Amino acid sequence: MSKRRAWWRYGTALPLTLAIASCAAVPTPAPVQQPRPVAVAPTPVPLPPAPPARPWDQRQLDAGEWRYDAGSRTARFAQASAASPLVTMVCNGGSIELGAGLGAGEAPLDVQLRTSAGTDQLRLTGGRVAIGARDVKLDRIAFSRGRFALEASNGSTLTLPVQSEIGRLIEDCRG
């Protein structure tokens, strides 16, 4: 082989090899994923209980009936199949103790007393509240137009008929 031929062979082969090698794709580094910020969920605020679907004076009355015991000076509103009354009113000297099964247990519970004469606020502790025997709230219950309602801050409601047993208890307690 002549030197010229060898030079031609190796002289052209080397630049072609370098040219082909330079055409190879250079790997690009994968994009670095930046950490996503973690959103802290806000603490949900408890919603107040939804108001009853109908106004108190249009709701259906709770099933049951009033009973008055003159010996113990107690009026009870109970359902026929229930072991304990929904509402009790007991004369204790110069006051009437109103007890209502609104599901509060021993914790204090704010209750709205709704009558046709207006709305009063009561605070039941242990499911009971003492109302003075001459308090206007008792007159509002006794003379309400056919019904009165107890609406608790926990969403429980009682819509009760006004019957003569309530007035009798109030009059007996006032003396």
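## Terms and model

Helices (H or I, at least four residues) and strands (E, at least two) are DSSP runs, numbered from the N terminus. The model is predicted: local features need pLDDT of at least 70, side-chain atom pairs count only at pLDDT 80 or more, and totals for chains, interfaces and linings use all residues. Residues are numbered from 1 along each chain as its sequence is written, and side-chain values use heavy atoms, with hydrogens and water left out.

## Leucine 158 in strand β9

Leucine 158 belongs to strand β9, residues 157-161. The relative accessible area of leucine 158 is 5%.

Contact means heavy atoms within 4.5 Å. Not counting residues up to four places away in sequence, leucine 158 touches Asp62, Leu86, Val87, Ala100, Leu102, Phe148, Ala149 and Leu150.

## The largest nonpolar core

A nonpolar core is a set of buried Ala, Val, Leu, Ile, Met, Phe, Trp, Tyr and Cys residues joined through side-chain atoms within 4.5 Å. The largest one has 32 residues, and those that touch the most other members are Trp66, Val87, Met89, Leu122, Phe148 and Leu150. Helix α3, residues 164-174, gives the most to this core, with 4 residues.

Phenylalanine 148 has contacts with residues including Trp56, Trp66, Leu113, Ile141, Leu158 and Ile166, again not counting residues up to four places away in sequence.

## Strand β4 and its partners

In strand β4 (residues 95-100), 5 of the 6 residues are buried. Two strands pair if DSSP finds at least two bridges between them. Strand β3 (residues 87-92) runs antiparallel to β4, and 6 bridges join them. The hairpin of β3 and β4 has 2 residues between the strands, and glycine 93 takes a positive phi near 65° there.

β4 also pairs with strand β7 (residues 128-132), in the antiparallel sense and over 5 bridges. Glycine 99 in β4 is the bridge partner of threonine 88, and glycine 99 also stands opposite arginine 128 in β7.

## Arginine 73

Most residues other than glycine have a negative phi. Arginine 73 is not a glycine, yet has a positive phi of about 50°. It lies in the loop between β1 (65-69) and β2 (74-78). Arginine 73 is partly exposed, with a relative accessible area of 28%.

Note on methods:
Buried means under 20% relative accessible area, exposed over 50%, partly exposed in between (1.4 Å probe, protein chains only).
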